[in-house]
Amino acid sequence: MGANHNASTLEERRDNDFTQSLEDAKTPLYPGCAKNTKMSAIVALYKHKVMNGWTNNSFDGLLEMLGDMLPEHNVILKSVYSVRKFINEFDLGYDKIHACENDCCLFRKEIKNLQSCPKCGSWRWKVDERMKKIRKGVPAKVLRYFPIIPRFRRMFKSPKMAEELQWQFKHKSEDGKMRHPVDSIAWDLVNYKWPAFVEDPRNLRLGLAVDGFNPFSNMSTTYSCWPVMLVTYNLPPWLCMKKENITLALIPGPKQPSKDIDVYLQPLIEDLQELWNNGVTVYDSYTNSCFNLRAILMWTINDFLAYGNLSGCTTKGKK
Ligand SMILES: [Zn+2]
């Protein structure tokens with residue numbers, strides 16, 4: 001009881017902080033500015049920085065200049081550091097995890113501090129081929145993991161969204177026609193096998209979609225990205241496939257077509273297991289109360305090639 005109470009006050013405090021941050025984000029860029037808020041301006045600028053590979057230094061310079069040029073009492077931030085801090089408050093940040101160049105492992109947990117891959121022995125760091133020098137501190141490969149639990153917490157912070165997340169509970173089709181996964185056999189099977197899970201309609205039912213794509217739309221380059229997306233089927237059909245409601249989980253990269261992305265799925269799978277086995281405390285702003293949120297992975301969506309990458313099996317070539 002005591003522990004529960006503490007958890008709920010902690011959640012409430014975090015919720016208050018979040019509401020404050022939200023108000024801050026909605027501030028007009030400068031007094032009387034109708035077109036941009038602090039959030040929209042910062043996100044647009046930061047996106048431009050990332051897309052064009054600007055250095056932190058040049059971005060700092062630009063922010064400072066903009067601060068001078070904009071009308072008085074503007075709320076533009078002055079440095080990359082404060083921009084990142086601002087974005088992180090909305091749990092929009094990601095974890096950078098170093099990976100073996102040959103996709104054998106992620107440098108986390110027990111092997112967090114290793115300098116080379118325990119399986120293939122290749123360096124964790126980039127190697128300058130010309131100078132034959134190891135560039136310590138510059139990782140050879142990086143996985144960007146967008147933690148899913150804070151993102152689910154955030155969904156329940158909007159009362160409207162928290163209500164929509166129960167849509168599936170009351171909207172099973174009655175005419176035998178399928179219009180949402182709630183009408184599927186798989187859904188019924190979950191209801192039958194895990195009644196305790198089903199008891200709370202807020203528990204999430206997820207689909208995992210994976211496919212490789214080429215961000216520069218030029219198929220001859222060797223650069224390919226592997227976004228992993230989670231679809232939340234609790235939502236009504238007109239919302240669950242909307243891009244803002246799809247949770248982007250991770251992008252293995254940065255270069256070369258990935259072979260075995262199952263290695264990269266580890267952090268995501270661990271979070272999913274935690275959500276399935278124990279659940280996490282979440283504040284529901286629709287009912288103004290805390291509850292234990294659990295989640296089940298219903299199925300994965302991918303083509304046959306991606307299926308091979310996902311499970312670490314061979315689906316192409318000789319075998
Ligand atoms: Zn390796």
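**The metal site**

Author: Cys100 is buried, with a relative accessible area of 1% (buried means under 20%, exposed over 50%, partly exposed in between, with a 1.4 Å probe and protein chains only). The model is predicted: local features need pLDDT of at least 70, side-chain atom pairs count only at pLDDT 80 or more, and totals for chains, interfaces and linings use all residues. Residues are numbered from 1 along each chain as its sequence is written, and side-chain values use heavy atoms, with hydrogens and water left out.

The SG atoms of Cys100, Cys104, Cys117 and Cys120 coordinate the zinc ion at 2.2 to 2.3 Å. Donors here are N, O and S atoms within 2.8 Å of the metal (3.2 Å for Na, K and Ca); water is not among the atoms, so sites may look incomplete. Angles of 106 to 112 degrees between the 4 donor atoms make the arrangement around the zinc ion tetrahedral, a label given to four donors if all angles lie between 85 and 135 degrees.

Along the chain, the donors of the zinc ion have the spacing C-x3-C-x12-C-x2-C. Cys100 and Cys120 link distant parts of the chain, 20 residues apart, and each lies in the loop between strand 1 (95-99) and strand 2 (125-128); strands are DSSP runs of E, at least two residues, numbered from the N terminus. In contrast to buried Cys100, Cys120 is partly exposed, with 38% relative accessibility.

Note on methods. Four donors count as tetrahedral if all angles lie between 85 and 135 degrees; four count as square planar and six as octahedral if opposite donors are over 155 degrees apart and all others between 65 and 115; anything else is irregular. Helices (H or I, at least four residues) and strands (E, at least two) are DSSP runs, numbered from the N terminus.
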